[in-house]
Amino acid sequence: MADLHIDDFYKDAAQILLVLYQFFPRPYTVYAEDISGPDLPDEYGLHSDRHQSCFSTMVWLRDAGLLRFVDVINNEAIDQAVLTHKTLTLLTTR
């Protein structure tokens with residue numbers, strides 16, 4: 001049985017790349033909540049583990065060279081994100 005966090009990572013990464021592909025070449029702001037579902041912060045206002053995992057996936061995709069973005073918005077979104085040439089080539093090659 002696969003670990004749930006890896007399954008969530010794959011689903012989130014695919015959804016993030018799909019959203020950016022649909023807006024390519026325009027920069028787009030991607031919100032973690034739009035990808036992973038509603039966030040239910042705890043009593044201290046900290047984001048849920050699911051939300052944090054989704055946001056971390058966005059940062060990982062940037063670190064892996066698959067997308068770029070200008071800035072983060074309060075650990076809730078990536079601002080002005082766009083696919084890199086490498087990713088566009090991977091997504092469009094048959």
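Is T57 buried or exposed? In this predicted model, T57 is buried, with a relative accessible area of 4%. This value falls below the 20% limit under which a residue is counted as buried. T57 belongs to helix α3. Leaving aside residues up to four places away in sequence, T57 touches F9, D12, A13 and I16.

Two packed helices are described by the angle between their axes and the distance between the axes. Helix α1 spans residues 4–23 and helix α3 spans residues 49–63. Their axes come within 9 Å and cross at roughly 60°. The arrangement of α1 relative to α3 is therefore oblique. The crossing of α1 and α3 is right-handed. Sorted by class, the contact of α1 with α3 has eight nonpolar residues, one polar residue and three charged residues.

The largest nonpolar core of the model has 18 residues. Within this core, I16, L20, V30, M58, L61, L67 and I78 touch the most other members. At least two residues of the core are supplied by each of α1, α2 (32–36), α3 and β4 (77–83). The largest share, five residues, comes from α1. L20 touches Y28, V30, L67, A81, V82 and L83, when residues up to four places away in sequence are not counted.

I35 lies in helix α2. Its relative accessibility is 14%, and I35 therefore counts as buried. With residues up to four places away in sequence left out, I35 touches D12, Q15, I16, V19, V30 and C54. The C-alpha atoms of I35 and H51 are 8.9 Å apart, while the two residues are 16 residues apart in sequence. For I35 and T89, the C-alpha to C-alpha distance is 23 Å and the separation in sequence is 54 residues. T89 is placed in helix α4 (residues 85–92). T89 has a relative accessibility of 35% and counts as partly exposed.

A further position in helix α1 is K11. K11 is exposed, with a relative accessible area of 58%, which is over the 50% limit for that class. K11 and A81 are 70 residues apart along the chain, and their C-alpha atoms are separated by 18 Å.

The peptide bond from F24 to P25 is cis, with omega near 5°. P25 is found in the loop between α1 and β1 (28–31). Two residues other than glycine have a positive phi, N75 and Q80. For N75, phi is near 55°. N75 is located in the loop between β3 (71–73) and β4, and counts as partly exposed at 44% relative accessibility. For Q80, phi is near 60°. Q80 is located in strand β4 and is partly exposed, with a relative accessible area of 35%.

Technical notes. Residues are numbered from 1 along each chain as its sequence is written. This is a predicted model: local features need pLDDT of at least 70, side-chain atom pairs count only at pLDDT 80 or more; totals for chains, interfaces and linings use all residues. Side-chain values use heavy atoms; hydrogens and water are left out. Axes are lines fitted to C-alpha atoms, for helices over the stretch in contact, and angles run from 0 to 180 degrees between N-to-C directions. Helices (H or I, at least four residues) and strands (E, at least two) are DSSP runs, numbered from the N terminus. Angles under 35 degrees count as roughly parallel, over 145 as roughly antiparallel, 65 to 115 as roughly perpendicular and the rest as oblique. A crossing is left-handed if the near helix is turned anticlockwise from the far one by less than a right angle, and right-handed if clockwise. Ala, Val, Leu, Ile, Met, Phe, Trp, Tyr, Cys and Pro count as nonpolar, Asp, Glu, Lys and Arg as charged, and the others, Gly among them, as polar. A nonpolar core is a set of buried Ala, Val, Leu, Ile, Met, Phe, Trp, Tyr and Cys residues joined through side-chain atoms within 4.5 Å. Buried means under 20% relative accessible area, exposed over 50%, partly exposed in between (1.4 Å probe, protein chains only). Contact means heavy atoms within 4.5 Å.
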